[in-house]
Amino acid sequence: MKPRIFVTRALPSPIMLELKRLFDAKWNHRDQPLSRQELCAGVGKAEGLIAMLNDPIDAAVIDAAPKLRIIANYAVGYNNIDLVAAGGRGIDVTNTPGVLTEATADLTWALILACARRIPEGINLVRSGKWKGWHPEQLLGMELRGKTLGLFGAGRIGQAVGARAVPFGLRVLYASRSPKLRFEEETGAVRAGTGRLLQESDILSLHVPVTPETRGMINSDTLAVMKAGAILVNTARGELVREDAVVLALETNRLGAAGFDVYADEPTIHPRLLVAPRTVLLPHIGSATRDTRRRMAATAIANVQYVLHGEPPVTPVYR
Ligand code: DGY
C-alpha cells in the first residue's frame, strides 16, 4: 500500500501526477490556502505533508496528524513551521535549499536595479501619457559602480547576490556569524559588523532567516544609522523589517528607496507602504521561475520518499 501524503496546495500537473504515482496523495483542490481547520482535517491521516511557506504548521496542525513522519516545506525558509512541536514528535522537517538560490538572487538584483534606476516611476510616467520627452534632470537615479552593497547574511542567497555585484563594480560588505573565506576571495567582499554595514551601505540587502535576534532588525534605530538616501532590499522574510519605520523613513526622504518581495503579514501590506514614495513592491516571487519550482518540487518529493522509506531526508532542517 502506498503511504498517504497531503499536499496543501495543488502544484503543476506533472508534479501532481508524480505524487499520485508514488503516494496515496490527497491535496487541496481549491486555489487558495487552507484554513487551520482545513489543514488539520487534511493532514489527519497523512504520513507525509508537503506544505507551502504560507501554511502555518503549528502545534495544533501537528497534533491533528498522529501518523505524520515528515513535513516537507516547499520553500527554503521554514519559519511557518513549529520546529519544537515537530521535533518533539520526532517528525522530520525539510526545506528546499540550493535549488532556488539563483532565482532569488536574480530577483534581488531586479529590485536593486529597479530601485536604483527608478524603473516603476519611469513605467508609470510613460503609461500615464504625461511624459513630455527627454529631460536633463528626469528620474535621476543611483549609479551602482563604486557604491557599496551591504549583505545582512551571507548564506547561499546572500553570496549569490554578492557575486552578481562584481560585474556592476560595487564594493561588497557582509555581516555574518562566520567568515566566508571563499566568497571573500571570489568577490573581494569584506566581513563587517552590523554597525559598519548599516553606516557604509548604499544598498542594504537582507538574507537572514527570522529568529528572535533578527525579527524587526530593520527598525527606526537601525534606519537612523543607515546612509541617507540608501536603498533597502528584502527578499528574505517580512518579519525582519518594521514596515511602519520604513514608511516613515521613505516619507521623510531618509531612505532612498525600498524594494520588497516579502512582508510581515502577507498578503496584507502595510497600507502606508502601498502608497509610500520610491518603493518597488513584488508579491513574494523570489523563487518563481518554472525551472526553480520544478527543482523545489523534486527536492520536496525526494525528501518525502526517503523519509517514508525509512531513510534520512536529503535536505533536513535539523542538523
Ligand atoms: C523561500 O522559498 O523561502 C523564499 O521565500 C523564496 O522566495
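Hi everyone, I'll walk you through a sheet and a pocket in this predicted model.

A quick word on the ground rules: residues are numbered from 1 along each chain as its sequence is written. In this prediction, local features need pLDDT of at least 70, side-chain atom pairs count only at pLDDT 80 or more, totals for chains, interfaces and linings use all residues, and side-chain values use heavy atoms, leaving out hydrogens and water.

Let's start with the sheet. Helices (H or I, at least four residues) and strands (E, at least two) are DSSP runs, numbered from the N terminus. Two strands pair if DSSP finds at least two bridges between them. Here, five strands make an open, parallel sheet, ordered β2-β1-β3-β4-β5. At the edges sit β2 (24-27) and β5 (92-94), each pairing on one side only.

Now look at β1 (residues 4-7): three bridges join this strand to β3 (residues 48-51). Val 7 stands opposite Ile 50 in β3.

And what packs on the sheet? Helix α13 (residues 290-308) does, touching β1, β3, β4 (70-73) and β5; contact means heavy atoms within 4.5 Å.

On to the second largest pocket, with a volume of about 250 Å³. A pocket, on a 1 Å grid over the protein atoms alone with a 1.4 Å probe, is an open set of points with protein on both sides within 12 Å along at least five of seven lines; lining residues have an atom within 4 Å of a point. The volume is the space filled by probe spheres set on the points, which are joined across faces, edges and corners.

Of its 17 lining residues, Cys 115, Arg 118, Gly 256, Ala 257 and Arg 278 are the closest to the centre.

Notes
Axes fitted to C-alpha atoms, helices over the stretch in contact; angles between N-to-C directions.
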